[in-house]
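Reader: Hi, I have a structure open and I'm new to this. Can we walk through it together?

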Amino acid sequence: MTRRVDVLHNEDCIAGLKKLDAGVVDLAFADPPFNIGYEYDAYDDRLESEHYLAWSRDWTAEVARVLKPNGTFWLAIGDEYAAELKVMLQREHGLSCRSWVVWYYTFGVNCKQKFSRSHAHLFHMVKDPAAFTFNAEAVRVPSARQLVYGDKRANPTGRLPDDTWVLRPQDLPDGFRPDEDTWYFPRVCGTFKERTGWHGCQMPEQLLGRIIRASSNEGELVLDPFGGSGTTLAVAKKLRRHFLGYELSEQYSEQIRKRLAAIKPGDPLDGAAEPLVSCPKTADGRRLDDVRSKIPGSGPKRQKKTSTKGQANLPGL
Ligand SMILES: C[S@@+](CC[C@H](N)C(=O)[O-])C[C@H]1O[C@@H](n2cnc3c(N)ncnc32)[C@H](O)[C@@H]1O
């Protein structure tokens, strides 16, 4: 039985997906709990590994089943289970990996005994490697030839959007290019206008915008088994796609419904489409000297600048 669309079900996603016919979803995006002990309202994020993998096998099998023959599945996952889930999707569910995108973000949780988490893996999987939606023209970005070199040979329509250690992408000479498979979007942190404030894992709308524009068309069906704060569904609605979501927590579900009710198809996405334009370079930050004086061995004080540009974003350091 195929269910009504443009709804969020307060329901376990496996139970909910089992009620769907096979082959009805154009695009699925899933950002499941990573099994890292995150505090959710109604889900225990500390499962034994074998239990977590068995559960992942069950829900990914359902996602693969409900995808159309030319459907696409994007999975967001942390380091801990990325390898096992990628192999599971390919070997057990027969999906093909088009891209292994790394989402690099600033404002991650600060760690004391290891490098702070600043990326998640985004596996772009398709059911049929010869037939799938990929709207390259919908996600093109200005090229370095256009932006930096003024090269007349540059394609005027821009270009399609590396394991690199970068402290602040704003400081790379050419910026941090969205046409590569390492993507930079800041996490939606506490001070951002976009932040809903009631879910700690809220993904940026612009990130989902790129995925939904590239991998689906207007009027098609976008599925998110793990609603969270409702970002996927909100962006799907704004971009005039149908949507279907599941969320275990009653409290999050109520909030998602409120978020969706406040949105009209065609509304602009929250956040800057080009995340680097609004960020000052570190060299222009007024607080650089204060920061340097507290970091052992960070070198002599630099000449005071008179720049009145915005303050440096210290948490990105
Ligand atoms: C990482 S969050 C998703 C965040 C989301 N991508 C966003 O941008 O807000 C994962 C969500 O999955 C929900 N969840 C966990 N197990 C579930 C299940 N079996 N069925 C449906 N939702 C579940 C959790 O309550 C949590 O809100």
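Reader: Let's start with H2 and H3. At roughly what angle do their axes cross?
Author: Keep in mind that this is a predicted model. The axes of helix H2 (residues 49–66) and helix H3 (residues 79–92) cross at roughly 40 degrees. They come within 11 Å.

Reader: Is the crossing of H2 and H3 left-handed or right-handed?
Author: The crossing of H2 and H3 is right-handed.

Reader: Which residues make that contact?
Author: From H2 come Tyr 52, Leu 53, Ser 56, Arg 57 and Thr 60. H3 brings Tyr 81, Glu 84, Leu 85, Met 88, Leu 89 and Glu 92. By class, the contact of H2 with H3 has 6 nonpolar, 2 polar and 3 charged residues.

Reader: Now the other pair. How do the axes of H6 and H7 cross?
Author: The axes of H6 and helix H7 (residues 250–261) cross at roughly 20 degrees and come within 10 Å. H6 and H7 are therefore roughly parallel to each other. Their crossing is right-handed.

Reader: And which residues make the contact there?
Author: Leu 233, Ala 234 and Lys 237 of H6 meet Ile 256, Arg 259 and Leu 260 of H7. That contact has 4 nonpolar, no polar and 2 charged residues.

Reader: New topic. How many residues of H5 are buried?
Author: In helix H5 (residues 205–215), 10 of the 11 residues are buried. Among them are Leu 207, Leu 208, Ile 211 and Ile 212. Glu 205 and Arg 210 are buried too.

Reader: What covers the buried residues of H5?
Author: The cover includes strands S2 (25–30), S3 (67–77), S4 (96–104) and S7 (221–224). Helix H6 (231–238) is also part of that cover.

Reader: What about the whole protein chain: how many helices and strands?
Author: The protein chain has 8 helices and 8 strands. Of its 317 residues, 32% count as buried.

Reader: Last one. Which residues are closest to the ligand?
Author: The closest are Asp 31, Phe 226, Gly 228, Ser 229 and Thr 231. In total, 22 residues surround the ligand.

Reader: How does that shell divide by class?
Author: The shell around the ligand has 13 nonpolar, 6 polar and 3 charged residues.

Methods. Residues numbered from 1 in each chain as written. Predicted model: local features only at pLDDT ≥ 70, side-chain atom pairs only at ≥ 80, totals over all residues. Axes fitted to C-alpha atoms, helices over the stretch in contact; angles between N-to-C directions. Helix = DSSP H or I, 4+ residues; strand = E, 2+ residues; numbered from the N terminus. Left-handed = near helix turned anticlockwise from the far one by under 90°. Contact = placed C-beta atoms within 7 Å. Nonpolar A, V, L, I, M, F, W, Y, C, P; charged D, E, K, R; others polar. Buried ≥ 20, exposed ≤ 12 C-beta atoms within 10 Å, placed from the backbone. Near = placed C-beta within 6 Å. Parallel < 35°, antiparallel > 145°, perpendicular 65-115°, else oblique.
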